[in-house]
Amino acid sequence: MKITDARVVVSSPGRNYVTLVIETEDGLTGVGDATLNGRELAVAAYLSEHLCPMLIGRDARRIEDTWQYFYKGAYWRRGPVAMTAIAAIDVALWDIKGKAAGMPVYELLGGAARDGVMVYGHASGSTLEALSADFQAHLDLGYKAIRAQAAVPGLDKTYGIAPADNIYEPASGNVPQEDRWETSAYLDFAPAMMRHLRDEFGYGVHLLHDVHHRLTPIEAGRLGAALEPYRPFWMEDPTPAEDQSAFRLLRSHTTTPVAVGEVFNSIWDCQQLITERLIDYIRTSVSHAGGITHLRRIFSLADLYGVRSGSHGAGDLSPVSLAAALHVDLSIPNFGIQEYMGHREPASKVFRTSYTFADGYMHPGDAPGLGVEFDEEAAAAYPFDPKYLPINRRLDGSVHDW
Ligand code: EZ4
Ligand code: CO
């Protein structure tokens, strides 16, 4: 089953997506997501200039061999650009394998290990009242788990807050917007926000919160301890995870569960976090951590240490990524939760999906392969529109983690 074509399509149906399309001599087509928010064209060039020409003539059935060929074969290893490119190829080959077998990808991964995939949605607000209204709207939709973010009083702009008329989108402007940050205001506000939600909605819904890498390890320990009465499902990215051993300090101060890893791209980025049981959920995604093949390896390691999956699923990962994630989520033993933000229109005109949402759970559907049809003609109507993640500065003007 020789690969006859591999091409990259960069489009912006609601936001920028990089989509890899692979075709075989038997007329099968597979798609992969190669989107890296704010660095889209780097991955597009890595693929179209270097990897796509090497794919032509390769056997599409040899997924593991192809993964090793591009990972070890590059000599230069890891990194978000390379691993996102390899991920797109890997996911497209799983799509092709599913279509060739006439089975949904999750069947090839061992079959369904659960009936549905619990997802969490995003509730946010520029005031606590607005947050409550959005939280209630998510409960009305059936969500069993909800991430809560609210604007920190005294700061102009806080990450994670959706505009009133649309879903959250962290990228904007053809140069990055700049935000301001003040840790002490946040540390006082976040527990009050969580208390507000528990007072209003009780404890029958899973409550999540994203710290977005903004605290030092000891500040994160303080926050985790302060949140304990509100029993969060997790606190996400409490401190930057380049320094994996820093999580020992955090762990010694709180039992609040910790989720980390949306910026990771390989098993080596989380080896210590997992094997020392320094986290509870690993947030690596199928598109940024080397595809289905490598993500399963990470989740298998995590399973040995009681760590569950909690994959990143923001709107800057395309519907192809979400579908691939759902196939993995449905089939692994140590699934935890899946992030689900949905996608801005007109994404549904370009990506026709067969996954479903009902009562807080998703299912990838039973179409052969991933169950996503990518309409290249429709994509051509939405040209690339450069946008960047914000830069974050402290009140004294110094650059802080965003
Ligand atoms: O900021 O996906 O948990 N979700 C997040 C996201 C990330 C973006 C980065 O591209 O933190 O909103
Ligand atoms: Co996050």
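## What a nonpolar core is

A nonpolar core is a set of buried Ala, Val, Leu, Ile, Met, Phe, Trp, Tyr and Cys residues, joined through side-chain atoms within 4.5 Å. Keep that idea in mind as you look at this structure, which is a predicted model.

## The core of this protein

The largest nonpolar core here has 122 residues. Within this core, I22 and L47 are the residues with the most contacts. Helix α3, running over residues 80–101, supplies the largest share of the core, with 10 residues. Two domains take part: domain 1 (3–103) and domain 2 (108–369) each contribute at least three residues to this core. In soluble globular proteins, nonpolar side chains tend to be buried together.

## A closer look at L47

Which residues does L47 touch, if we leave aside its neighbours within four places in sequence? They are V8, L20, A34, C52, P53, A85, A88 and I89.

## The whole chain

Now let's step back. The protein chain contains 13 helices and 18 strands. Of its 402 residues, 57% are buried. Among contacts between residues at least 6 apart in sequence, 73% join residues at least 24 apart.

What about overall size? The C-alpha atoms fill a box of roughly 60 × 45 × 45 Å, taken along the principal axes. A compact globule with 402 residues would have a radius of gyration near 21 Å, and the chain has 20 Å, so the two agree.

## The surface

The accessible surface of the protein chain is about 15600 Å². Carbon and sulfur atoms account for 51% of that surface.

Terms used: Residues numbered from 1 in each chain as written. Chains lettered and ligands numbered in written order. Predicted model: local features only at pLDDT ≥ 70, side-chain atom pairs only at ≥ 80, totals over all residues. Heavy atoms only, no water. Buried < 20%, exposed > 50% of the residue type's maximum accessible area, 1.4 Å probe, protein only. Helix = DSSP H or I, 4+ residues; strand = E, 2+ residues; numbered from the N terminus. Domains from an automatic or database assignment. Contact = heavy atoms within 4.5 Å. Rg over C-alpha atoms; globule rule 2.2 N^0.38 Å. Areas by Shrake-Rupley, 256 points an atom, 1.4 Å probe, with all protein chains shown as cover.
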